[in-house]
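Please open the structure in your viewer and keep the sequence panel beside it. The tour below goes from one selection to the next and says what is found at each stop.

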Amino acid sequence: MTCILLDGREVEADPKKPLIHACHQNDANVPMYCYHPGLTPVGSCRICQVEVKQGEMPPRVVVACRTPVAEGMIVNTDAHRAHEARRQCLEFLLKNHPLDCPICDKAGECDLQDFAFQEGQGEGRSVEPRRKLEKRKSLGDVIVLDQERCILCSRCVRFFEDVTRKPQLTVAGLGAHSTIETFQERPLEGNYQGNLADVCPVGALTLKKFRFQARVWNLTKTPSSCGECSRGCAISLEVLRGGEVKRVRPRYDPEVNQWWMCDHGRFAFGAFNAPDRLQGGLLRGSAGWEACDGERALDEAADLLRVHAAPVVMVSPWLTIEEGALVQGLARELGVRAGFLSPPESPLKDDLLHTGDPCPNRRGLSELGFEAQSAEQALERLAGAESALLVGERAAEHVGDAGLAALPAGLRLVVFETRPVDVPAARILIGVPNAAERLGTWINVDGRRRRIAPSKAAPSGVTALTRSLAGLLERLSSVGVER
Amino acid sequence: METVRPSSLPAALEREIDEIATHYPERRAALIPALHRCQEELGGWLSPEVLEACARFLGLEPVEVFGVASFYPMFHLRPVGKRVVSVCHNITCELRGAGSVLERVCALTGAEPGGTSADGEYSVKTVECQGACANAPMLDIDGVFHENLRADSFELPRLARAQTPARAGAPAGGYETYLLERVLAREDSHTLAAYRAAGGYRALERVLETPIAPVEVTNIVMDSGLRGRGGAGFPTGLKWSFMPDPARDPRPRYLAVNADESEPGTCKDRVLMERDPHGLVEGILLACYAMRVGVAYVYVRGEYRFSYARVAAAVEEARAAGLVGANVLGSGFSCEIWMHQGAGAYICGEETGLMESLEGKRGHPRPKPPFPAGFGLWGRPTTVNNVETLFNVPFIVERGAAWYKRLGTEKSTGNFLCGISGHVERPGVYEVPLGIPAREILERCAGGVWKKRALKAWIPGGSSCGLLPASAIDTRMDHDSLRTAGSMLGTGAMILFDETACTVRAMEVISRFYAHESCGQCSQCREGTDWLHEIFERLEHGAGRIEDVELLTSLANGMAPGKTICALADAAAIPTHSIVKHFKHELLEHVKHAGCPRRAARSEPLEVGA
């Protein structure tokens, strides 16, 4: 590590990274547009200007993203000349920038807004008409481009060059008439397009799915993990006023997903907002389903399991290890071996993030002793059983609705799920929170613990699955529950 | 015209591109030459199918090739007429009647600028400085220059099919000359026979036969005080010494010859390339020998087809004579020289922009550090030198540093080629010693201001140096004197404005150039060059405001010095400062009169100084 003096403080700087990295690591708020720690630095936006002094040379203003750190370098990020240079850059960037903030999705998390507020001059001096370019250019299913808002930082171009390694965007033309384009209006392809909306520092590249959906300051953001594959990318679950999940974005995790996530994971959050929820419990009576509270449903379930011993116990691939430990406790109490539904490999597997394994907790569940079962194997076991426990969000879909519906009515199926599973075999249904509503841990493909956390409340009447399982175990065990 | 199947180019073209690709360590570097060949062979434009086929053939994505093709003005991404007429509308041509030329071209063809005639026969384009300044005004039709046009009487079909080689002006006399001696002596000065008859390649032979050690050659050049003639004036020997010791860095290394001559007013490298290409070849060989370089690329601006052909022919003559290629003259020193075409972007004359372009990319200059000697072409040690700079080297090696230092001044040694143009009697390219008063070049070489008019303003070294008032005409043409006068030597291209010229109109044209040529990377340059042009345009055409005068200065201060990746922003800022400093009264007049006061007195179109 190299020692530099940054705004009067001695700090350690990584010599393999440019000066701007050391500034940001040490809370020196140097603005940036073209620089992104995950992309090749180009030094073109010129906003990250700081003053440096080296040796006997007079201090000079440089762009921090292209300045290597040197032992003993004296850096002043607050120098008047640095602020002047940034102010002037902003005036140039804002000269043609459309006044779209009131309708722009990026408002509230826009680097142009933020740095203009921090460093800008408040009023531009241009009386020239603004450039007119394409404002709603569809780049495919995921992204829409507003060329007028673009500040030509080229992060989007470099994202495809550096991260997915297949160029799809280019700067076309030159000078003030440059625009971002695909080739021949072809839509973008691949499973990583959503990252463009994250890397774009302004509202030029935005998500179609998020367009006009929410003002970002009304979103509550909760750090969590993605469950769509065993990578377990670190995410931020973003909920509008306590209601629906409106957006999922990646969080920086240097060991798992860096700054990125795939579109499959990014856009899967609709399932968390599904209105079709099981609240409390449902008991099959002679006249159809009878609603009851969770506690009563657990009583009925315990009775059923005492009478019809040796149930098949099958859990969802989305089960957390906390939930899994309790199910294993139940399985031991019931004298059976539990299995987990193992989904087949996904064709989305790639050499970037998607592991191809749709099970976010395979390692966790395997380590707990759950036996991997394909849907066919699970159905076979269920078909021949007297009673069964199917546990966890997405358990039913992983067995398959058609298969479940075909199970004999004589199978006394107790289901813990997010939605009602109205099939002839089901006797007792108990509602559970989904992955946006509960706390828990998964173990990802590399053996790392991935934490999910609640970003919104489960519907009323729904209790945490851990609590329901503990309640069931307590009812069944003669000596009380050991957690 | 051959047709293109969706996925491939015609076989002959593919074979040609394959051969070109062998000149480079990476296949992508063949892209711009390949695009030229595709455009020439496949209908005069680059359709999306052609772009895609070219991309696949070179192992690139179509979007990358589109991004590159769209950067360079010479590539047409829309269909064009059977013949393409390009009219230069930059400052010198403007001073000599480009407006009338353009009008006449449009009238003769029935096409508008930027458009194609209804019958599909002609497309008309306005282009920036083509390097024909000493013979302005000009037009280019299908790649052939037609210069010294009589704006009111030329006929397109009757224009000659072959280009006339550039001419050199006769020296004023009274000083020693060497640069243009061979050119002035014979019409066939471009041939190997003529070159050898005049003593050419003796310097190279002596170096190889003695032998003189490579570092010694560098020392001679360093001692001579030779400074770069491409505009920056950096000491050449010193630049060569930056190349690493091959023992410590054994990677392949390169010399890139900057023949991108595009600075408005500059037309002197052209004379050397067209009329004395062997002088350049020998300079290249000596430079490569000194820096232990085995491969040189000659990056010729795309519009200089005739220069390219002459230099290419000279390289082939030299190759046949054992002077280029493996084991030059049996010495063990090998040097390959490859020709490379640019495609119409001024910014590719910037050394790092040139390297990016040569690698087959958009000509985006690179931040420095790292410098080319450490990280150049394909990341390898590279030196970039201007044509005229290299042309001086054989003379220095042959006659010695002491001889060279006697010419010019102490800090600006040697002679240089002054291309003098604009409102003068005898525009031309003249050899003069550094340090000569500008007035002497004007009066003794160029015959003084034309039409017996008085001088109003002049540019000493290409438009990037800015305007100087007539009162500065006695300034000596060397680096230090011009710097003291508040300007620069630049490329030594003098442009003169008579008393009827409008400096605001001049700045409208000059600022348009920088806005057109900005690569667009840096925020200040991309927006600033455009903004400066918008302001000058308003001032000239009637919507100028008093605030604009101060705004010009403030914007220019925000763009330069040293605030951007390269100096194009500085090149736009310096002339802006100069008009405010020396001709503020003209700016204020334009505000007061709501436009050019001279414009009101005549009918459109305004001929500057006509």
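Begin by selecting Pro561(B), which sits in the loop between helix 22 and helix 23 (568-582) of chain B. In this predicted model, the peptide bond that leads from Ala560(B) to Pro561(B) is cis, with omega near 0°. Most peptide bonds are trans, and most residues other than glycine have a negative phi.

With that in mind, select Pro369(B) and Pro370(B), which are joined by a cis peptide bond whose omega is about 5°. Pro370(B) belongs to the loop between helix 15 (351-358) and strand 8 (382-386) of chain B. Then move to Asn327(B), where phi is near 55°, a positive value in a residue other than glycine; this residue lies in the loop between helix 14 (305-320) and strand 7 (336-341) of chain B.

Next, show helix 22 (residues 546-559) of chain B together with helix 2 of chain A, whose axes come within 9 Å and cross at roughly 110°. Helix 2 of chain A and helix 22 of chain B are therefore roughly perpendicular to each other, and the crossing is left-handed. Which residues meet here? From helix 2 of chain A, select Gln88(A), Glu91(A) and Phe92(A), and from helix 22 of chain B, select Ser554(B), Leu555(B), Gly558(B) and Met559(B). Sorted by class, this contact has 3 nonpolar, 3 polar and 1 charged residues.

Glu91(A) is in helix 2 (residues 80-95) of chain A and Arg125(A) in the loop between helix 3 (111-119) and strand 6 (137-138) of chain A, so the pair ties together parts that are 34 residues apart in sequence. Over all chains, a search of the whole structure finds 88 salt bridges.

Finally, colour domain 1 (11-69) and domain 2 (83-150) of chain B, as given by the domain assignment; their centres, taken over C-alpha atoms, are separated by 28 Å.

Definitions and conventions:
Residues numbered from 1 in each chain as written. Chains lettered and ligands numbered in written order. Predicted model: local features only at pLDDT ≥ 70, side-chain atom pairs only at ≥ 80, totals over all residues. Heavy atoms only, no water. Domains from an automatic or database assignment. Salt bridge = Lys/Arg side-chain N within 4 Å of Asp/Glu carboxyl O. Helix = DSSP H or I, 4+ residues; strand = E, 2+ residues; numbered from the N terminus. Axes fitted to C-alpha atoms, helices over the stretch in contact; angles between N-to-C directions. Parallel < 35°, antiparallel > 145°, perpendicular 65-115°, else oblique. Left-handed = near helix turned anticlockwise from the far one by under 90°. Contact = heavy atoms within 4.5 Å. Nonpolar A, V, L, I, M, F, W, Y, C, P; charged D, E, K, R; others polar.
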